[in-house]
There are 4 protein chains.
Amino acid sequence: MEASGKSRLTAEQEAEIAALRDQRAETARPVAPGLEEILYKPLPVLDHGFVRVIDYMGTDDAVVQAARVSYGRGTKRVQEDRGLINYLLRHWHTTPFEMAEIKLHVKLPIFVARQWIRHRMASVNEYSARYSVLDREFYIPEPNHLAAQSASNRQGRGDILEGAEAEEVLNLLRNDSMQAYDHYALMLNEGDGDARREDRQGLARELARMNLPLNFYTQWYWKADLHNFMGFLRLRADPHAQYEIRAYADVMIDILKRWVPVTHEAFLEHRMGAAQLSATAVKAIRRMIDGESVTAETSGLTKREWVELCAVLERDA
Amino acid sequence: MEASGKSRLTAEQEAEIAALRDQRAETARPVAPGLEEILYKPLPVLDHGFVRVIDYMGTDDAVVQAARVSYGRGTKRVQEDRGLINYLLRHWHTTPFEMAEIKLHVKLPIFVARQWIRHRMASVNEYSARYSVLDREFYIPEPNHLAAQSASNRQGRGDILEGAEAEEVLNLLRNDSMQAYDHYALMLNEGDGDARREDRQGLARELARMNLPLNFYTQWYWKADLHNFMGFLRLRADPHAQYEIRAYADVMIDILKRWVPVTHEAFLEHRMGAAQLSATAVKAIRRMIDGESVTAETSGLTKREWVELCAVLERDA
Amino acid sequence: MEASGKSRLTAEQEAEIAALRDQRAETARPVAPGLEEILYKPLPVLDHGFVRVIDYMGTDDAVVQAARVSYGRGTKRVQEDRGLINYLLRHWHTTPFEMAEIKLHVKLPIFVARQWIRHRMASVNEYSARYSVLDREFYIPEPNHLAAQSASNRQGRGDILEGAEAEEVLNLLRNDSMQAYDHYALMLNEGDGDARREDRQGLARELARMNLPLNFYTQWYWKADLHNFMGFLRLRADPHAQYEIRAYADVMIDILKRWVPVTHEAFLEHRMGAAQLSATAVKAIRRMIDGESVTAETSGLTKREWVELCAVLERDA
Amino acid sequence: MEASGKSRLTAEQEAEIAALRDQRAETARPVAPGLEEILYKPLPVLDHGFVRVIDYMGTDDAVVQAARVSYGRGTKRVQEDRGLINYLLRHWHTTPFEMAEIKLHVKLPIFVARQWIRHRMASVNEYSARYSVLDREFYIPEPNHLAAQSASNRQGRGDILEGAEAEEVLNLLRNDSMQAYDHYALMLNEGDGDARREDRQGLARELARMNLPLNFYTQWYWKADLHNFMGFLRLRADPHAQYEIRAYADVMIDILKRWVPVTHEAFLEHRMGAAQLSATAVKAIRRMIDGESVTAETSGLTKREWVELCAVLERDA
C-alpha cells in the first residue's frame, strides 16, 4: 500500500495533513499502531481518487470485550481471543463487530459514489456542489481497464478493447468531460479577469452541476462500524463488483489489516474465501464424498447453480 | 394533481398499467379509497419524470391502532382518533407512524436521485445501467426555473436568468446532453443496422454510462413507512430544498392527503407550518408578549437567528 | 397451523376480530390469498401467546418487480420468476426482498420479547405498562420443555428434568408468578370493592410493574419487510435458538409460506438448509471429493470447526 | 458528577479498570481531555447501576470538519465553529453529528433496559443470562421516588407515597426480589457445598432467569453516534420520561459536556430548552405580540395544546 499520492493534493492540503500528523497526544483509549502509521495520509486509488483514514475507535479487543461484556481487558490469552473472533464471524454473531468504528475521507467518481451510498448503515457527509464549485477532475480508465460488454454476463465486462476502438472511446470520454467542465464553468461565470463576463449573472451552482458527467470526482467523509465495513468489503471486493469500486475496496482491505489484524484474518477465512452451499448442493457434495459420480443432471441443481458449485470445488462444470 | 402523463410511457407500458388497474380483488385489509383511485398511474413531475403509487399498507387507522395496541378497530370516535394523531405528531411519538407503508415508482434526474437517496430509512431498487441501456431522456429546466446563483445565500437561487444568458445556458445544457448520449450510444455500439459497426465490440455498459451527465433520468422503486415519508417531505418540500426535488415532494404531499387524510392535516399543522424556537428565542417572545420592544441587539440572538425569528413572527427584521 | 386460540381472547376481542374479517373491500393491489385466509386470526403459541397477521403489502411478485424495475407485471413466466427469486437469495441480493412488508400482533413472554427486540430493522409498538395494567398471564413451560442446563454447551439445554425436581421447579415458577402478580395488584390498589383500600393512593403503574417477573406476557404490533422477516427466522428458527422464541419462529415460517410461497421455498433451500463453509473447510472438502481421507488433524480446522463440518456432511466427527 | 462508585465493583474489577487507566499511549487522533479524565470510571446511577465511558471517537471538531468536508482542521476561528454547530443543530442538519461516536458500559434495571433498547440506531452487547448467572442485585426506589399513580396523567407519577403504604410497598418489592433470586439460585442448583444438591440437575439458565422480576440489574455495552446520543437524551432527560431512565440521561448529559462542550451548549439551547409551536400556535403568538388578548377559546387550539402553549410562555392557562 503506497501512501504518497502527493500530487492529488494542493500544497496547502499537504501542510494541513502534516500538521495533523504531528499533533500527537496521550490517550487512555486503545490504540491501533498499524493505523496510526497511515492516519490522515491519502492512499491513492484510480487516477485522481484516494482513501484517507481520519479517525477510528477500538481494535480487535473491542470485539472480544463486547462479546464477553467484561469490565477490563480480561485475562484471556491471545489464542482464545483469536478463536472467539473466528467463532463470532463464522456464526454471524455480528453485534460485537459493531463496537469498533472507522472514519474515512474518500475521493471518488460520482458513478462509484452512487454504488457506494447503497450501503445505508454508514454515515456520510459529501462535498456539496450546491454550495461549492467542483474541481476539473474526472476519471478516465487506464487502457487495461477499458473492457467490452461481456457476451455471457449481462452485468459484466468482457475482453479489453484495443486499437482504434479503444482510442476512440478514450477520446470521447476525455473530450466530453473537458467540454462539459468548460461549459459548467461558463454557465457559472465565476472566473477571474477575462473569464468573467460582467454582463452575465451566472447560473446557480445547484443547476450548473447537472451538466457534469458521472465520471467527475466528488468526495465525502464516510464512517461505518467494523461489521458494516466488512459487509461493504464482502460485496465490493468481490470479483463481480465493478472494477472501479473494487479498487477502493482493495485499499480498504489493507486498512482492515492494519486496524484489526485478527479480524482481518478471520474475514478472509469466513467471508472472502468462504462458500455458501444450498441444501441441494450440500446433498450433492455428500454423495461426491461417498464416491458417487454426480453430474449437472443428477445433482438436482439448476445449470447455473451447478456451474457455481463446480467453481467452488475447482472442477470443470 | 393531474394524473395522465401518458406521453411519458410507451404504449406497452400504458397497457401493462391498465391491466394492473383492472385487476381488482377482494381483501380484508384496510383500504385507502383515495389512493386506490390513482394506483399505478404516473403523476407527472418535471419534463420527463413521474411518481406512481405501486402499493401501500395501512391507513390513518393503522397509526391509531398501533398507538393503542388494540385488538380490533376499537370503538373510539373519529374525533378522538384525530386528537390522538395530532398528539402523537406534536410530541414526536413517531413509532405509530412507522406502521403504515407506501411504495412508489419514481422517474427522476440523477442529481435529484443523489439527494433523495440520502434518506436512508427507505428501501430502493434502481434501474441498473450496468445491466441495461439508459433511455435518451434528460432534464432541461423550464425558463422560469433557470435561476442565477443567489448573492445572499451560498446554497440557493437568485433571479431568473433572462435574454441571451438564458438562451445560451439552455443551449449548452441541451447540446451537451444530446452529444453525451450520442457518444454513449456510439461507445456501446448496440444499435441496429447502420448504427452498429461490426468491427467494434462495444464498451461495457457499466463504463459507457459514465459519459452521461447528472441531468439524465433514472428510475427506481422506493418504499418507506409513513414516518419516514413525512420526514422526507418535511425536508424536501421546504422552501430551502432545491426546486427540482421539491417538485417531487409537492406531488407526494398530494399522495399523503389521499392516503392518510387525518395525518396529512396534522402534518401541515405540526410539521410544515410549525416553528421551532430556541431557548433564547422563547425568552424573547415572552418579553414581546409582555409588551417589551425587543430588538436584534437586546434579543440575545445572533443576527441570523433574529432574522429567522422575525420571519416566523412575520415582522421586519 | 391450527388457527383457533379462541380461549386466549375475550368475547369482545373475538367480536372485534370477526368484524374485521367480515369487512371485505375491493383493491387493485396485489393480494396473497393464503394470507387473507388467516388475516387477523390469533395463531396460538406457548401457553398464552399468539401471532396474528394484521396487514401485509406485496407478494412474491413484488420481489420480482423490484429486481426488474418494470412498469407492470411483465410477461415472464412463473418458472423464470422462481429462478430469479432463488438467484437473488443465493447471491444475497437482498434489496428486492425489502419491497414486501408484513405486520403482526404478537403476545409473548417478556424474556422472549427481550430477544426479539434485538432485531432492530423492524417497527414496534408495545403495550405500555406505564399506561395500562398488565393481565395476570405468565408463561409456565410444559413438562417436556423443562430442561436442565446443558453440560456441553454453556448456552443450551440438556436433558428434560423429571420427578421431584421438575415438580419443584414448576411449583416455584407458578407460585412466584402468582404472588408477584398479587403484590403488583396490591401495590397498584386499583381493584374494585373490597380489593380497593380507600386509605391507599396506589403505586404508580410504571413502578409497580417492576415486581413482575420476566415470564409475564406482553404484546406488541411488529412490522418488518420480507428481508428482515427472513433474517429473523434464520436466527430464531435455528436449533440453537431458545425453544420459546423458536415456537414463534415456527409459526412465522408457516405465515411465510402462505404469504410468499416461492420465496418460502427458496428460503428453505438457501437459508435454513444451507451451509456456509470457511476457506479451509472448502479445501478439506475438495480433498475428500478427490478421495483423500481427511481427519480433524489434517483438515487444518480447529476441533470445533471440524465437528461443525462433520455435522454438515452427516458423518462422525 | 461524583465518580467513585467503588462499592459497585469487585476488587478484581477495580484493578482491571485501574490498569486500563494507567495504560496511556500516543495517538494522532483528536482527543477530548474532559472525557479522558473519566475514561473507564463507573459513574454511579440509582442504587446499584452505573455508566462508564469505554471509548469515544471525535470531538466538536469532527462535526465542523464533516460539515465543511475539509482536508485538515481549517483555519476557521473558534467563534465560527460555534456558530456553525448551532446552525446545524437549529436546522436539523443532523449528519455531521453522526461523525463522532461514544461507547458506554451501563449497568441498569431490566425495566429501564427495555425502554432504552427502543433507541434502535445504536449498537448493543448485553450480558447473557442464557450463558451466565445473574448477580443478586435489584433496584429498590429511594423513598422520595416512591410515587403514586398520577391522577391527571395516565402515564405519570403523582404524590410521593408515605407512611404505612410506602413501607408496605418497599417491603413487598424487597421481599419478592429476594425470594425470586433465592428460587432462581435454587432452580439453577449451581451453588457450592451445602447449597448444591447432588440429586438435582439444575434448570437451564435460559429458563431459570424467567423467575427474576424486572427490577433486577443487567448490563451492556452500548455505542451510539453523537446525533443518536442527543436523540436519546432529548427524550430520556425530558421531564415526562420515567425517573429511573432520567437518572441515566442526567449523567449522560454531563458526559456530553465533557466530550463536546460546544455541541452540549447548542444542545441545551436548541433541543432541551427549545419549544416547537404548531402553525396555529404561531398565529396565536403573533396576535399576542400585536397586543391582542388571546384566550383558549379564541386561540384555535385544543384545550390540551393551549395548556402546552401557556407552559412555554410561562403564563396561566
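Contact, on this tour, means heavy atoms within 4.5 Å. The model you have open is predicted, so local features need pLDDT of at least 70 and side-chain atom pairs count only at pLDDT 80 or more, while totals for chains, interfaces and linings use all residues. Residues are numbered from 1 along each chain as its sequence is written, chains are lettered from A and ligands numbered from 1 in the order in which they are written, and side-chain values use heavy atoms, with hydrogens and water left out.

**Stop 1: chains A and B**

Select chains A and B together. Here 65 residues of chain B are in contact with 65 residues of chain A. The two chains bury about 5900 Å² between them, 50% of it on carbon and sulfur atoms. Buried area is the accessible area (1.4 Å probe) that two parts lose on being put together, summed over both.

Next, show the charged side chains at this interface. You can look for 8 salt bridges between chain B and chain A, each being a side-chain nitrogen of Lys or Arg within 4 Å of a carboxyl oxygen of Asp or Glu. For one example, pick B:R197 and A:E168, whose side chains form a salt bridge at 2.9 Å, N to O.

Now color chain B by element. On the side that touches chain A, at least two residues each come from α5 (110-116), β5 (123-126), β6 (147-149), β7 (157-160), α6 (163-188), α7 (205-208) and α9 (243-259) of chain B. Helices (H or I, at least four residues) and strands (E, at least two) are DSSP runs, numbered from the N terminus. Which element gives the largest share of this side? That is α6(B), with 12 residues. By class, this side of chain B holds 31 nonpolar, 16 polar and 18 charged residues. In that scheme Ala, Val, Leu, Ile, Met, Phe, Trp, Tyr, Cys and Pro count as nonpolar, Asp, Glu, Lys and Arg as charged, and the others, Gly among them, as polar.

**Stop 2: chains C and D**

Switch to chains C and D. Chain D brings 65 residues to the contact and chain C brings 65 residues, with about 5900 Å² buried between them, 50% of it on carbon and sulfur atoms. The count here is 8 salt bridges. Zoom in on D:E168 and C:R200, a salt bridge with its closest N and O atoms 2.6 Å apart. Between chain D and chain C there are 41 residue pairs in polar contact, both at pLDDT 80 or more.

**Stop 3: the annotated positions in chain A**

An unreviewed UniProt entry places the feature "binding site" at A:Q115, A:W116, A:I117, A:R118, A:E126, A:Y127, A:S128, A:A129, A:R130, A:R209 and A:R236. These positions span 122 residues in sequence, and the farthest two C-alpha atoms are 28.9 Å apart, so they do not all gather at one spot. UniProt annotations may be inferred rather than shown by experiment.

Select A:W116, in helix α5 of chain A. This tryptophan is buried, with a relative accessible area of 0%. (Buried means under 20% relative accessible area, exposed over 50%, partly exposed in between, with a 1.4 Å probe and protein chains only.) Beyond neighbours within four places in sequence, A:W116 is in contact with A:V106, A:L108, A:W220, A:W222, A:F232, A:I245, A:Y248 and A:M252.

Move on to A:R118, in the loop between α5 and β5 of chain A. At 23% relative accessibility, A:R118 is partly exposed. Which residues does A:R118 touch, not counting those up to four places away in sequence? They are A:R236, B:I117, B:V124 and C:T95.

**Stop 4: A:S177**

Find A:S177 in helix α6 of chain A, buried at a relative accessible area of 0%. The side chain of A:S177 makes a polar contact with that of A:N215 (3.0 Å). Leaving aside neighbours within four places in sequence, A:S177 is in contact with A:F138, A:P213, A:N215 and A:F216.

**Stop 5: two backbone angles in chain B**

Select B:Y40, in the loop between α2 (33-36) and β2 (43-45) of chain B. B:Y40 has a positive phi of about 75° although it is not a glycine, and is buried at 3% relative accessible area.

Finish at B:N189, in the loop between α6 and α7 of chain B. Phi of B:N189 is near 55°, again a positive value in a residue other than glycine, and B:N189 is buried at 1% relative accessibility.

Key
A polar contact is a pair of N or O atoms within 3.5 Å; within protein, one must be able to donate a hydrogen and the other to accept it, and residues adjacent in sequence count only if both atoms are side-chain atoms.
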